[in-house]
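I opened my notebook to follow a few strands and one surface spot. Here is what I looked up.

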Amino acid sequence: MKKKLMSRRKFLGLSSSAIAGALFGPNLNMLTAAPTDPFDYSILPKGTREYIASNCAMCVNKCGIIGEVVNGKLHKINPNPRHVKSRGMLCAKGNAGVSLPYSPDRLKTPLLRTGKRGEGKWKEISWDEAFKYVAKNLADLKQKYENRSSVAFASTEGFQEEFYYYLVNSFGSLNTVRHTTLCLSTNIQGWSSVFGSFPDADLANAEYVLMLGSDRAQALITPDSVDFQRYKPKGQKLIVLDPRFTETGAKADRWYPIKPRTDQGFVLAMINVIISENLYDHKFVETYTHGFEELKELVAEYTPEWAEKKCEIAADEIRKTAREFADHAPRSVIYPGRRSSFYSHEVYVRQTFAILAAICGCWDTKGAVVPKSSIKLASHDVMFPFFNLTRDRVDREAVNLVKDVVPSAVQCPMIGTGLPDDSCAFLSEKDGSWITFREAVLQDDPYPVRGFFCFKQNPVQSVPNVKKTMKMLEKMEFICVIEQQMSDTAWYADIVLPHSTYLESWDPAHSIGGIWPIVEMRQPVIKPLFDTKTMFEISGGIIHEMLKIPSLWDDIDPVDLVDFKKNVVEDILDKPIQDYIKHQLVNHPGAYKQLLKEGFYTVDGGRPTYGKTLKPGFRFKSKTGKIELFNERYKEFGLFPLPKYCEPEILPDPGQYRFLVGRTAWNTHTSTQNNPYLWEIQKENAVWLNTGEAKKKGIVDGEYVRIKSKIGEQRIKAYVTEKIRPDCVFYVNGWGRKSPGMSRAYKSGASEAEIIDDVLDTISGGVCMHETFVTIKKA
């Protein structure tokens, strides 16, 4: 396979934007339409229909939608043809959102567990009862352990998450853990180590795009997934490196089936060629960067011939790619991607990517990687009480946890002096580190955590090593889950609070940064159908009950409590959320009206701005104030300031395969597999197995196999294909569900979390999902 180069295939199929064009007219230019001009709703069909602008919440992209409502019922969700970020597109998930409010499996009223956890015995209770029950349990845990951080709070991103943190801060726990260390924490850290920030890619204007491990045609991110297929400039070249022949690979000019875990070696060799052949941008390097001479010395040994032995890609192909990248600079992109939870040295991998962009001057200019711009919103300046009975995070205080959760099989030679061994070097105060957090809870190190809140996250399915997650939940004396459906985590809760769908709620304004920055908010497309509430309402209800319990406020200054009641409860939570939104937009006259009408708001027509960081006097967020090829803070922390190549110490045993994870365009993590329309597209997942390997084992396409790692085993259907290297297997996540409350997805397919070992990146605290080896045999 290493000798194969796949040529470009023509992209076929009717896209959502084509449908939108047919509905709303053909004269729209998604990149130049001025969104501040009023939309002509007279072109829409007449009758008893209403058209309400909002934005989607079926994944993280928040694409523009127009709900088509007939006699009060949501009939259809259309793409918003003027939306700057989503480019008038709407994917299968966005279209399938129409079924969400009407799903028979959705949660409709608060539920209190009456049997054993996981037994599925519940009783319906009122919201007043639910709020009292939650507040009482918070008070009991605080009194029992004399530590507010004995209750942990997990969440995932979303507009209502900021109100979840009103509840967190009103209680005073510092143990918060988010989705970020399961996704892009290593990416953010690696790129930020060079540029001081995590950029976006200007795929709409790039002449040359290098994608390593990102399948943008399946794992959709707007506008990138649209731009590289639909709005790219004429002649743009796309080079894809991936052990799988993905949908993105099918659209590439060249696809290289790179050996897993060697992407860094490929890029280091590119840097070697660009420096040794004098192809780098001398003026940019001299003006804006720090550490070039040290970099030059480092990469001298990383020749294309060296990299060929690591990556199994010919040296001439590496040289060719390096020269092409430099030739097209500065309009060349090494794609940052999103999820980067791959390998234990991933921060250094992403640092290497960023350095390639830097030495070629591919930064903050048209067609390059560009720092995000944003539209500033007015904040609500609130001060939460200072609680005396609050200890620091468990994943910061815990001792020697990293040694326990970084198996020697995947340790790099740099671990020891090159990586920290007692904590995560750059742990986010808000995001935490899922793996170290869970390990600390299991070991009661440095103190017990016995309460667990979970807002729209599903750690039973999303965090590697389910057995450990279940043991963590078993230690909890109280579990509260806030969800729209009976997720696997909700199934094991003590109380489940039903959250309204995004189509039924007012959500606060959010500034979404990027090359094309916008502001979005949500308004109800339809009225709430059941006895559900938003997080804004849930936090307000719980906090009001907490205020009735004196023991919850006996470790704060009485003046703090008076201020809290006035500034947080009376001025924010007791008022309509529309007041909150209007305050956010106070510096943008007309924005609220624009959001109601269009679903989004932009400044200057949403046009991109380039070059802000290249103006005289600008200081990058680094120790030197420059783009750091040699990271001075890493040196101070005992990390490698330059991205040395990291070799795995132990290779897979004979007969083992490296397990890879990924996404499809029609499902989001673990949240959409039960959707009736999306379930019709895929009813279970399948494991990709190379044709030659399948023949050796006598496995035929479509039959069931057993895949086994050192932590678990799953039964799954085989997809026998030439589209994956012989040393890897792959299947998408979100299947093998434990909750009978998800009637379609329950027990369908195989779970990734049952297979993946809990390996840690010790710089950012991220999970390493590609460091697991498995065997396969007939079921």
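I began with Ile512, which stands opposite Ile518 in β19. The model is predicted, so I noted the limits: local features need pLDDT of at least 70, side-chain atom pairs count only at pLDDT 80 or more, and totals for chains, interfaces and linings use all residues. Residues are numbered from 1 along each chain as its sequence is written, and side-chain values use heavy atoms, without hydrogens and water.

Entry: I found 4 antiparallel bridges joining β18 to β19. Strands are DSSP runs of E with at least two residues, helices are runs of H or I with at least four, and both are numbered from the N terminus. Two strands pair if DSSP finds at least two bridges between them. The open sheet has 3 strands in the order β18-β19-β20, paired antiparallel. β18 (507-512) and β20 (600-601) are at the edges with a single partner strand each, so one side of each has no neighbour in the sheet.

**Entry: strand β15.** Is β15 (residues 451-455) mostly covered or open? I counted 5 of its 5 residues as buried (under 20% relative accessible area, 1.4 Å probe, protein chains only; exposed is over 50%, partly exposed in between). Side chains in a regular strand alternate between the two faces of the sheet. On one side I listed Gly451, Phe453 and Phe455, and on the other Phe452 and Cys454. β15 pairs with β6 (residues 151-155) in the parallel sense over 5 bridges. Ala154 stands opposite Cys454. β15 also runs parallel to β16 (residues 478-483), joined by 5 bridges. There, Gly451 has Phe478 as its bridge partner.

**Entry: Leu529.** I placed Leu529 in the loop between β19 (518-522) and α19 (535-546). Leu529 is partly exposed, at 35% relative accessible area.
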